[in-house]
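Here is my note on this model, point by point. Please keep the structure open while you read.

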Amino acid sequence: MRTDTGHVFKLEDYRPCDYLIPRTSLDFRLSPDATHVTALLTIERRAGVAASPLVLDGDGLTLLGIAVDGHTLPASDYEATPDRLTILKPPAAQRFELRLETEIAPSRNEALMGLYRSNNVYCTQCEAEGFRRITYFLDRPDILSVYTVRIEAPHNEAPLLLSNGNPVESGTLGSGRHYAVWHDPFPKPSYLFALVAGALGKVAGSFTTMSGREVELGIYVEPGKEQLAGYAMDALKRSMQWDEEAFGREYDLDVFNIVAVSDFNMGAMENKGLNVFNDKYVLADEETATDADFANIEAIIAHEYFHNWTGNRITCRDWFQLCLKEGLTVYRDHEFSADQRSRSVKRIAEVRTLRAHQFPEDQGPLAHPVRPRRYREINNFYTATVYEKGSEVVRMIRTILGPETFRAGMDLYFERHDGEAATIEDFLKVFEDVSGRDLAQFALWYHQAGTPNLTVSSAHNAAAKEFTLEIEQSVPPTPSESRKRLMHIPLAFGLVGANGKPVAWTAVEGAMVDDGVIHIRKRRHTVRFSGISQRPSVSLNRGFSAPITLSVQQKADDQFFLAAHDSDAFARWQAFNTLLTDALIAAFRQILGGKEPVFAARLAELAGRIAGDETLEPAYRALALSLPGEADIARDIGKGIDPDAIFAAREAMARMIAEANREAFPALYESLADKGPFSPDAASAGRRALRNILLDYLSLLPGGAGLAAGHFNAATNMTDRAAALAVLAHRHPGTAEAEEALAAFEARYRGDALVLDKWFQIQAGVPGAKTVEKVRELMRHPAFSIANPNRVRSLIGTFSSANQTGFHRPDGEGYRLFAETVLEVEKRNPQVAARLATALRSWRSLEPGRQTKARQALLDMAKAENLSADLRDIVERTLA
């Protein structure tokens with residue numbers, strides 16, 4: 001475990017390496033405790049570069065042998081430590097061969113980086129810097145190499161031997177051993193190397209590309225679970241076809257393999273031709289997976305496949321450019337899901353995720369630009385800012401340039417940079433070249449941290465038939481950035497008349513207005529529309545055209561009107577969500593003042609109208625009826641947060657809506673029951689989502705626990721069963737109905753780890769002070785393992801990030817449990833521990849008592865001995 005934390009990597013310090021490795025040959029003789037790795041590296045010095053020491057990266061390696069051009073290197077010619085190998089006097093020739101032999105112990109690798117062995121399966125994870133745990137190498141993204149890999153293992157232990165590229169050769173050896181050789185003809189960085197070996201079941205398929213090539217598809221899973229991989233295979237084929245149609249990208253190898261493993265730090269990994277997945281994003285049927293699981297499988301299968309071009313064929317020059325592959329590929333998978341399902345529903349879900357995870361990041365001590373300028377530990381920059389905000393920046397380019405020019409820019413990007421390690425500047429340049437536009441100001445979205453805010457007011461002059469918008473932009477200070485530059489913000493808008501239809505204007509001045517978008521470039525804009533006789537309602541940031549916050553001087557009447565009539569589906573949802581949020585913040589303040597919260601009756605009436613509006617998709621209505629989360633409300637309040645008061649306000653609003661619609665909701669709930677066999681399609685999932693949100697409301701009325709118990713007992717799929725269990729556990733904790741359902745669920749799925757994750761997750765999310773003790777108890781459950789990332793995330797991750805009242809218990813016991821557990825996890829897996837620790841990023845927004853106790857928990861982690869670089873980086877930045 002690396003504990004060095006002093007070195008800071010800076011973007012401005014980037015220099016091309018003096019050496020390249022155009023070819024890499026690897027030979028693995030697999031053994032759980034002593035895997036022997038032989039690496040034959042073709043080393044090439046860059047033209048015009050003088051001979052200098054060759055320094056290769058390592059991480060905990062044992063060097064067994066070293067030779068140059070077939071001759072053993074004397075000890076005086078090199079220096080080797082577990083973390084570095086220096087060839088002091090490389091040959092004078094521009095090209096030479098370096099042969100390295102190392103030994104590693106996959107079975108003892110609990111960090112799950114490099115080559116590890118879990119559940120009798122050998123597996124690799126090399127992004128970001130895991131390859132150096134396998135052999136000494138120039139382990140950086142701009143070193144592209146063509147790999148040939150030979151794998152040898154006992155046949156009974158590992159009948160399946162997989163690596164990147166295409167299969168070349170296989171055969172049997174003596175003593176029950178066998179081997180396989182793989183070759184990847186496309187140069188790739190070391191972080192995309194992959195190896196999997198073990199006994200796995202296979203689901204086979206094929207895909208014919210647009211040029212007529214047949215590609216062999218394989219999804220490998222734990223034996224006996226092959227029937228759970230059918231949806232993943234279908235999603236893969238749809239992804240391949242969509243990428244051809246939407247971006248003109250054809251798959252380039254003869255085979256494409258996916259392997260599902262149970263111990264994995266991430267969701268999945270896009271290794272060239274051999275994607276490795278957390279099995280929760282592959283395995284699914286109606287008995288074990290919810291509709292959300294099916295949607296996640298579809299999206300993540302697509303995401304990793306799309307990386308074949310945006311990440312693999314074109315990779316990033318250095319880790320500062322991480323958003324070039326991740327943000328761009330998130331945009332692509334969002335577009336895929338929008339085309340496969342509902343564009344408006346998908347957009348709302350994306351924005352909810354962005355606001356829940358990225359906005360707090362921008363507002364706290366861990367804020368950083370989409371392209372960071374410095375880091376101490378790159379693993380800590382796989383963040384919502386890089387992924388989700390990075391996607392929003394790509395979407396804004398499309399909004400600014402239009403879909404046709406955007407597609408032309410992407411085509412040029414693929415043509416110009418195929419086979420290269422590119423930068424953000426390379427990416428933006430293609431769009432400037434195809435459009436003729438200067439994107440220098442827009443580029444600040446990549447270089448500047450923080451969420452911009454637009455303050456907007458409006459005025460109507462009936463006599464002059466003029467409607468005016470006063471718009472002012474600001475970007476709040478973030479760590480290391482107190483002064484901000486003005487952004488180019490594409491603000492999609494609409495002027496809505498009294499009949500709900502768009503209002504036309506004869507002229508506009510004060511800003512560039514193009515195709516329904518106001519281009520905000522200055523501190524202040526006075527945008528004046530002519531030819532408007534009656535005052536319109538203003539619909540702003542339609543489709544969430546920019547990742548900003550809005551401070552709009554707008555009457556509640558306008559918001560109610562837009563929530564009922566706006567033609568833009570996202571803006572309509574946003575208007576209702578704003579009404580709910582404003583009412584919840586008012587209720588929070590009333591509760592702090594010792595008063596009973598009071599809500600406007602028309603808020604509940606509007607909720608009822610939306611619920612029953614057959615012109616709206618059920619999934620859309622379900623999202624609209626989902627109250628803003630407790631963390632979302634806290635973010636909008638800003639300071640002095642009392643989670644118990646926020647919870648009380650939210651509960652009061654939910655009861656108010658349920659009471660006001662106690663006659664309409666039951667009939668609607670009954671009408672939405674599944675009439676036929678289960679299907680994970682978007683329409684069926686939407687009906688279940690609406691029915692289950694109605695169940696949540698109805699559970700607050702008399703007889704609610706019985707209704708939820710009946711729903712649980714009658715459920716024929718995991719979506720309904722898990723939803724009912726959550727309602728019982730969260731709304732009626734400790735009741736006979738809740739305890740019986742929890743016991744029945746645990747008994748039914750005792751042997752299925754992924755389903756039991758849902759059981760852990762539901763209980764970790766039970767609001768209230770008692771959940772701390774319940775989490776401690778669940779950590780002793782036989783199915784819980786602190787070494788498995790999925791178990792840890794389901795219990796500790798849910799408790800710390802999704803249970804505001806339990807985690808932020810006033811006496812600080814939640815923080816103490818959290819700190820203890822993070823330190824325990826860190827001993828095995830620093831990456832998972834560091835990501836857990838980000839749950840305390842907003843500790844300064846809490847009221848003083850909780851703030852003091854949260855800070856103490858951070859200090860307790862900071863003073864622990866031998867803290868990993870991963871965790872120390874997060875803790876120190878959070879405390880700074």
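1. Start with Arg542. Arg542 is buried, with a relative accessible area of 19%. Buried means under 20% relative accessible area, exposed means over 50%, and partly exposed lies in between (1.4 Å probe, protein chains only). Asp566 is also buried, at 3% relative accessibility.

2. A word on the model. This is a predicted model, where local features need pLDDT of at least 70, side-chain atom pairs count only at pLDDT 80 or more, and totals for chains, interfaces and linings use all residues. Residues are numbered from 1 along each chain as its sequence is written, and side-chain values use heavy atoms, with hydrogens and water left out.

3. What does Arg542 form with Asp566? The two form a salt bridge, and their closest N and O atoms are 2.8 Å apart. A salt bridge here is a side-chain nitrogen of Lys or Arg within 4 Å of a carboxyl oxygen of Asp or Glu. Arg542 lies in the loop between β32 (537-540) and β33 (549-552), and Asp566 lies in the loop between α9 (556-565) and α10 (569-592), so the pair ties together parts that are 24 residues apart in sequence. Helices (H or I, at least four residues) and strands (E, at least two) are DSSP runs, numbered from the N terminus.

4. Why can such pairs form? Side chains of opposite charge can pair when their charged atoms come close. By the salt-bridge rule, the count comes to 78.

5. Look next at Glu361 and Arg841. Their side chains meet in a salt bridge (4.0 Å, N to O). This pair links distant parts of the chain, 480 residues apart. Glu361 sits in helix α4 (residues 343-362), while Arg841 sits in the loop between α25 (830-837) and α26 (848-862). Is Glu361 buried or exposed? Glu361 is buried, with a relative accessible area of 8%. Arg841 counts as buried at 16%.

6. Now take Glu773 and Arg809. They form a salt bridge with the closest N and O atoms 3.1 Å apart. Glu773 is in helix α21 (residues 771-778). Arg809 is in the loop between α23 (804-807) and α24 (813-826). The two are 36 residues apart, and the pair links distant parts of the chain. Glu773 counts as partly exposed, at 42% relative accessibility. Arg809 counts as buried, at 11%.

7. Salt bridges can also share partners. One network joins Glu335, Asp339, Arg343, Arg347, Glu350, Glu392 and Arg395.

8. Turn to the sheets. Three strands form an open sheet in the order β4-β8-β7, with antiparallel pairing. Two strands pair if DSSP finds at least two bridges between them. Its edge strands are β4 (54-57) and β7 (78-81), and each pairs on one side only. The twist averages 10° from one strand to the next. Such angles are taken between N-to-C directions and run from 0 to 180 degrees, with axes as lines fitted to C-alpha atoms (for helices, over the stretch in contact). Four bridges join β4 to β8 (residues 84-87). Leu56 has Leu85 in β8 as its bridge partner.

9. Another open sheet has four strands. Their order is β10-β11-β16-β13, and the pairing is antiparallel. β10 (114-118) and β13 (160-163) stand at the edges, each with a single partner strand, so one side of each is left without a neighbour in the sheet. The twist averages 15° from one strand to the next. β10 and β11 (residues 121-125) pair over five bridges, in the antiparallel sense. The bridge partner of Gly114 in β11 is Gln125.
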